[in-house]
Amino acid sequence: MSKMIERVAVLGAGTMGARIAALLAGAGVPCFLLDMVPAALTPDEQSKGLTLENPAVRNRIVLAGLDAAKKSSPAAFFVADNARLITAGNFDDNLAWCAEADWIIEVVAERLEIKRSLLERVEKHRKPGTLVTTNTSGLPIHLVAEGRSQDFRRHWAGTHFFNPPRYMKLVEIIPGPDTDPSVVARLAEFCDLRLGKGVVIAKDTPNFIANRIGTFSMLNVLRLMQELDMTVEEVDACTGPAVGWPKSATFRTADIVGLDVLVNVVKNIYDNATGDEMRDRYRVPPLVEAMQKRGWLGEKTGGGFYKRIKGSEPREILTLDWKKMEYRERQKAKFASIEAGRSIDDTTQRVRELLAPVFEGKGDKASKFLWGAISEMCLYAARRIPEIADNIVDIDRAMRWGFAWELGPFQIWDAVGVEKMSRQLEKEGKALPPLVSSLLASGRKSFYSAEQGTIRSFDLKSQKDVEVPEPAGITLLKSLHDRGKVVDHNSGASLLDLGDGVICCEFHSKMNSIGGDTVAMLHSGLKRLRSDFDSMVIANQGAHFSVGANLMMLLMFAQDQEWDEVELAVRGFQNVNMALKYALKPVVAAPFGMTLGGGCEISLHAARVQAAAETYMGLVEAGVGLIPGGTKEMVIRAFEHAASVSPAGSATGSEGSDLDLFHALKPIFENIATARVSTSAEEARTLGYLRPADGISMNRERQISDAKAAALALVRAGYHAPAVSPKQPSIRVLGEQFLPSAKLAVHMMLRGEFISEHDAVVARKLAYILAGGALSAPQLVSEQYLLDLEREAFVSLCGERKTLERIAHTLKTGKPLRN
């Protein structure tokens, strides 16, 4: 960067402003958060005798916004402690703080005059060269900065964070007419490296890229629902995971966003996109107008297309009957094509199969609906080049990152077949956009092509295929496969050469569950590590790092009472984890997303972890009635913590060191017994699943490169494997000094009906392992001793009927059973 962004001022503490500040704080960036001074006292403030000059009153609005961010669900902060990096203030007393900021983000109401008025005040305090952006979903960027100085306009741009900013990957950066290109580069680099965002440079057109395409798609879906006489549930069944779109689908998404926001976006596009050939589609639909008049705006008003019944148990959700304009009980959508598509894991193939009947003049209502929804959206996206973007890659990335679609519009064109789609569209009397006509005229059959790991896309301006640029520091495992970098392979995992002496073990089973194939490939990787490589990374680029052990295999063994097979499987996984831990060369794990059970255990045994910021890690086996294999490792971490607090008496034992160990074991017992999962990588560190030296990558696309760098750093530092033998007594356990207290806690939870009888059985076995057994006095034990306790408990629980019921229920529903 030409100048580091070390402090940011966020102006506006509403939903977006406070959550942008939370994201910055989570990235370790101190920031100011400012908002208006209240115009009047609340009754509570009056009763306390406060005045408008009281600091608590003057900062009431900003503190309320910050408090809402702290309480929000999903969590805006990675951990609650991040909030200490935010300094709250107000526009009247503290606007001069802007002089200390390297980047000022204005996030006030989406009204041109309000933004202009505030920025006029900001310019009086802003240092020359300070970056200033307006966060807007669609206002013209050049108009917001009108009247500002030349230096201001040179360092000015639009930023469009998507809500919630912690979780949504996209940030659109929109340069103004006078913006210095270095400013755009500086913002893009910071958003990428520090905030973990996917950056798309957008043109200053109405609602930019993602909202322009996404809003058209939503309005088109509303139209088709009414034309085809479909229910809200039927539409959401078609426009969710079936086509690679989020579970919130169309109408749950609309409720989350808010119909008032949707109306404002629609009106903005209609008013400003005067040259759009589909402009008439951007009229607010009568159905939405009717809902707005009734105050049915979505979650913020308690009801939109769906309505939650407060206080109902179990939680009841009603659905809007849009013809009668009244709420009714939810109805399950039943489409043969959608049901058949569930068996197809690959989204590209699934979309192709869902639309295939249409080309033969067949198909159920779902297929016809999806053709209308997808074909119209794809046509519209193709017509927007070069209006809103110069290339198809930016549009595809914007839709994947901003709307969480698995495939962007042009990837869908390719999935279905450009020629096939074009013939059907022309058959329906629809003109092909110049982009599509040019592609077909050139003899090409797809927008994207790949060769030897290099991806190219069709460029309208040059009429050629151009290489899709990837920023330095991003490793794509698929590209390594295409380039022939596979060292070994089976159905569950592969070994890849990352270069520079680093080998990667990549999981690719369903949900990256761990079975015999995974274990075999880890052993193969360790063998190659010993002979041919300097370090090893365990990583993948699926939806999640690993959901844990292959429960189906375990269930089959247990139901057939193949206890030797269960014992062998458990021992085999323990052995590979110990081999990872004691490898003579460093092993780095790169967890992300769901890192549960066995996935967490692998990470615990790595020499170093490079986690993605969004890592949800936990030893969750208690949820299915089992004991996690990482329990031993958590005992060691508790012992290490106690030793760091009382180093003198940690090994031989002292009253103080044993008390420290007791207090270290207590939260571990609670977390494992309740199958607690971290809500972020940073929280995983507080739970003990990550060590202080472990790294966190804000941008998941950079995680494998970061993990490789961490592995090479260990090599350069002269890495040495743990010196203590697994059979050497070196871990202090408390025995009966811990066990009775743990059992009492289980008893009280059972009496309070917080846990079931079977939960209590599992928890007692867990307590036994954490205590190191029923030893009469604290003493040193070996890792192997604890592994044996783990394995014995695990196998014994596999023989429990209630455990098998839990495993079967989890496999069927994806949710734990409390029996």
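**Stop 1: a loop and the helix after it**

Select Arg342, which is found in the loop between α15 and α16; helices (H or I, at least four residues) and strands (E, at least two) are DSSP runs, numbered from the N terminus. The model is a predicted one, in which local features need pLDDT of at least 70 and side-chain atom pairs count only at pLDDT 80 or more, while totals for chains, interfaces and linings use all residues. Residues are numbered from 1 along each chain as its sequence is written, and side-chain values use heavy atoms, with hydrogens and water left out.

Arg342 counts as exposed because its relative accessibility is 56%; buried means under 20% relative accessible area, exposed over 50%, and partly exposed in between (1.4 Å probe, protein chains only).

Next, select residues 347-359, helix α16. Its 13 residues reach 19 Å from first C-alpha to last, close to the 18 Å expected at 1.5 Å a residue; the expected span is 1.5 Å times one less than the number of residues. After the helix comes Gly361, with a positive phi near 75°.

Which residues of α16 are buried? They are Thr347, Arg350, Val351, Leu354, Leu355, Val358 and Phe359. An α-helix has 3.6 residues a turn, so residues three or four places apart point the same way. Display α15 (336-341), α17 (365-383), α19 (409-416) and α20 (418-427) to see what the buried residues of α16 pack against.

**Stop 2: the nonpolar cores**

Select Leu11, Phe305, Phe410, Trp413 and Phe447, which touch the most other members of the largest nonpolar core, a group of 119 residues. Such a core is a set of buried Ala, Val, Leu, Ile, Met, Phe, Trp, Tyr and Cys residues joined through side-chain atoms within 4.5 Å. Helix α17 gives the most to this core, with 12 residues. A second, separate core has 61 residues, including Ala611, Val624, Ala771 and Leu786.

Return to Phe410 and show its surroundings. Leaving aside neighbours within four places in sequence, its contacts (heavy atoms within 4.5 Å) include Ala381, Ala382, Ile385, Leu435, Phe447 and Tyr448.

**Stop 3: the seven-stranded sheet**

Select the 7 strands that form an open sheet of mixed pairing, in the order β15-β16-β17-β18-β19-β21-β23. At the edges stand β15 (486-489) and β23 (695-697), each with a single partner strand, so one side of each is left without a neighbour in the sheet. Neighbouring strands are turned by 20° against each other on average, direction ignored; axes are lines fitted to C-alpha atoms, for helices over the stretch in contact, and angles run from 0 to 180 degrees between N-to-C directions.

Begin at β15, which pairs with β16 in the antiparallel sense over 3 bridges; two strands pair if DSSP finds at least two bridges between them. Val486 stands opposite Leu496 in β16, and the two strands form a hairpin with 3 residues between them. Strand β16 (residues 493-499) is largely enclosed by the rest of the structure, because 5 of its 7 residues are buried.

Move on to β17 (residues 502-507), which pairs with β16 in the antiparallel sense over 6 bridges. Gly499 has Val502 as its bridge partner in β17. The hairpin of β16 and β17 has 2 residues between the strands, and Asp500 in the turn has a positive phi of about 60°.

At the other end, 3 bridges join β21 (residues 608-612) to β23, and these run parallel. Ala611 stands opposite Ile696 in β23.

**Stop 4**

Select Glu614, found in the loop between β21 and β22 (615-618). Its side chain is joined to that of Tyr616 by a polar contact of 2.7 Å (a pair of N or O atoms within 3.5 Å; within protein, one must be able to donate a hydrogen and the other to accept it, and residues adjacent in sequence count only if both atoms are side-chain atoms).
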